[in-house]
Amino acid sequence: MLRLSRTWRGPRGPFGSPAPSFSGAPVAPSSGGRGNAEPRPLPLSYTLLDGEATLPAVVFLHGLFGSKTNFSSVAKAVAQQTGRRVLTVDARNHGDSPHSPDASYEAMSQDLQDLLPQLGLVPSVLVGHSMGGKTAMLMALQRPDLVERLMAVDISPVATTSVSHFAAYMTAMKAIVIPQKLPRSQARKLADEQLRPVVQDMAVRQFLLTNLVEVDGHFSWRVNLDALAQHLDQIMTFPPQQQAYPGPALFLLGPATTQRFGGSSPRPRCRQCLTRATGFTPTAHRTSWLPSGASWPKMETPCFTSARVALVSTHDSSRH
């Protein structure tokens, strides 16, 4: 039974005059994640569902163009069925979290390394989808002491540039022109029409349009398109790592991941790429594969039903 829900949203300033990037969230300085300097963490927006403090919390991390609301239904179900605390987080440059010119995985990992101890949620179970999955994997490699176990959904620690249409999506989003003071329904329809020539899949368009927000009659994108476009090549790859994650890891592979590995049986290729890319030890008791029906950008899919089942099955279980 849910006892408490806490939500924190980052400060939202006025959008000002229209700009090509439609950037509306506060912009924070950043170290850029280069060299030996650690990226400066940002105060992320989050929603925390209360639960039993003696059990590891569950943290859901969304993918590119997503937000914490993608996991609202799944988070509530996990909290109700497991009694655990469940956290959903807006990554930097997404949702209600602040904007920053640094959109690297090192920066996103550092944000979590700062937030989770503040909330008393370590070690926790990390469940990351797509970009969020890579953020979770990097954090598990950098700070395994903060991670009780890891679930990566429809993503692996390999480059995905060859199958990405995200650059075209961002260009189309930045090119949209919406008159001020237009009713929200008409604004969404107009944006949808302008996106359609580039983003032909209606489900993808609807997902992207969840980022269209209105303040005082002015419409803008709440995602930081400029920073994401600048870091897209990095987002599509994975930072090289030498260390290995010693904890249990579950990989939920959907059609998109299966296609990247080639063919309908991704397990051998996945085992090879995990070892090569990150040093994950692909032993049976640490890494598992569960074929699922996930596909970006659909969040309420059998994939997350599988994740919920996996989480419930580990309720009150010891580390394996």
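Where in the chain is the place of Pro-123? Pro-123 sits in the loop between α2 and β5 (124–129), and a cis peptide bond joins this proline to Val-122. The model is a predicted one. Its chain has 320 residues, of which 54% count as buried, and contains 11 helices and 10 strands.

**Overall picture**

- The chain exposes about 13600 Å², and carbon and sulfur atoms supply 53% of that area.
- Among contacts with a separation of 6 or more, 77% are made by residues 24 or more positions apart.
- The structure holds 8 salt bridges.

**Helix α3**

- Helix α3 covers residues 131–142, and its 12 residues should span 16 Å at 1.5 Å a residue; the end C-alpha atoms are 17 Å apart, which agrees with that expectation.
- Of the 12 residues in α3, 11 are buried, so the helix counts as mostly covered under the cut-off of under 20% relative accessible area.
- The buried residues of α3 include Met-131, Gly-132, Gly-133, Lys-134 and Thr-135.
- Further along α3, Ala-136, Met-137, Leu-138, Met-139, Ala-140 and Leu-141 are also among the buried residues.

**Nonpolar cores**

- In soluble globular proteins, nonpolar side chains tend to be buried together.
- The largest nonpolar core has 60 residues, and the members that touch the most others are Leu-64, Phe-65, Leu-87 and Trp-221.
- Helix α3 gives the most to this core, with 7 residues.
- A second, separate core has 15 residues, including Val-58, Ala-75, Val-78 and Leu-252.
- Leaving aside neighbours within four places in sequence, Leu-87 is in contact with Tyr-46, Thr-47, Leu-48, Val-58, Val-59 and Phe-60, among others.
- The contacts of Leu-87 also include Leu-115, Leu-116, Leu-119 and Leu-121.

**Salt bridges**

- Arg-92 and Asp-111 meet through their side chains in a salt bridge, with an N to O distance of 2.7 Å.
- Arg-92 lies in the loop between β4 (86–89) and α2 (105–118), while Asp-111 is in helix α2, so this pair ties together parts that are 19 residues apart in sequence.
- Both Arg-92 and Asp-111 are buried.
- Asp-192 forms a salt bridge with Arg-205, where the closest N and O atoms are 2.8 Å apart.
- That pair links distant parts of the chain, 13 residues apart: Asp-192 is in helix α5 (residues 184–195) and Arg-205 is in helix α6 (residues 202–209).
- Arg-205 counts as buried because its relative accessibility is 5%.
- Salt bridges that share partners also join Lys-68, Asp-90 and Asp-96 into one network.
- The side chain of Asp-192 meets that of Arg-196 in a salt bridge as well, at 2.9 Å from N to O.
- Asp-192 is buried, with a relative accessible area of 13%, whereas Arg-196 counts as partly exposed at 39% relative accessibility.

**Backbone features**

- The peptide bond between Val-122 and Pro-123 is cis, with omega about -5°.
- Ser-130 has a phi near 55°, a positive value in a residue other than glycine.
- The place of Ser-130 is in the loop between β5 and α3, and this serine is buried, with a relative accessible area of 14%.
- Asp-216 also has a positive phi, near 55°, and is a residue other than glycine.
- Asp-216 is found in the loop between β7 (212–215) and β8 (218–221), and this aspartate is exposed, with a relative accessible area of 67%.

**Polar contacts of Thr-82**

- Thr-82 is in helix α1 (residues 72–82), and this threonine is buried, with a relative accessible area of 3%.
- A polar atom of the Thr-82 side chain lies 2.6 Å from the backbone oxygen of Val-78.
- The side chain of Thr-82 also reaches the backbone nitrogen of Arg-84, at 3.2 Å.
- Val-78, which supplies the backbone oxygen in one of these contacts, is included in the second, separate core.

Technical notes: Residues numbered from 1 in each chain as written. Predicted model: local features only at pLDDT ≥ 70, side-chain atom pairs only at ≥ 80, totals over all residues. Heavy atoms only, no water. Helix = DSSP H or I, 4+ residues; strand = E, 2+ residues; numbered from the N terminus. Expected span 1.5 Å × (residues − 1). Buried < 20%, exposed > 50% of the residue type's maximum accessible area, 1.4 Å probe, protein only. Contact = heavy atoms within 4.5 Å. Areas by Shrake-Rupley, 256 points an atom, 1.4 Å probe, with all protein chains shown as cover. Salt bridge = Lys/Arg side-chain N within 4 Å of Asp/Glu carboxyl O. Core = buried A, V, L, I, M, F, W, Y, C linked by side-chain atoms within 4.5 Å. Polar contact = N/O pair within 3.5 Å; in protein donor to acceptor, adjacent residues only side chain to side chain.
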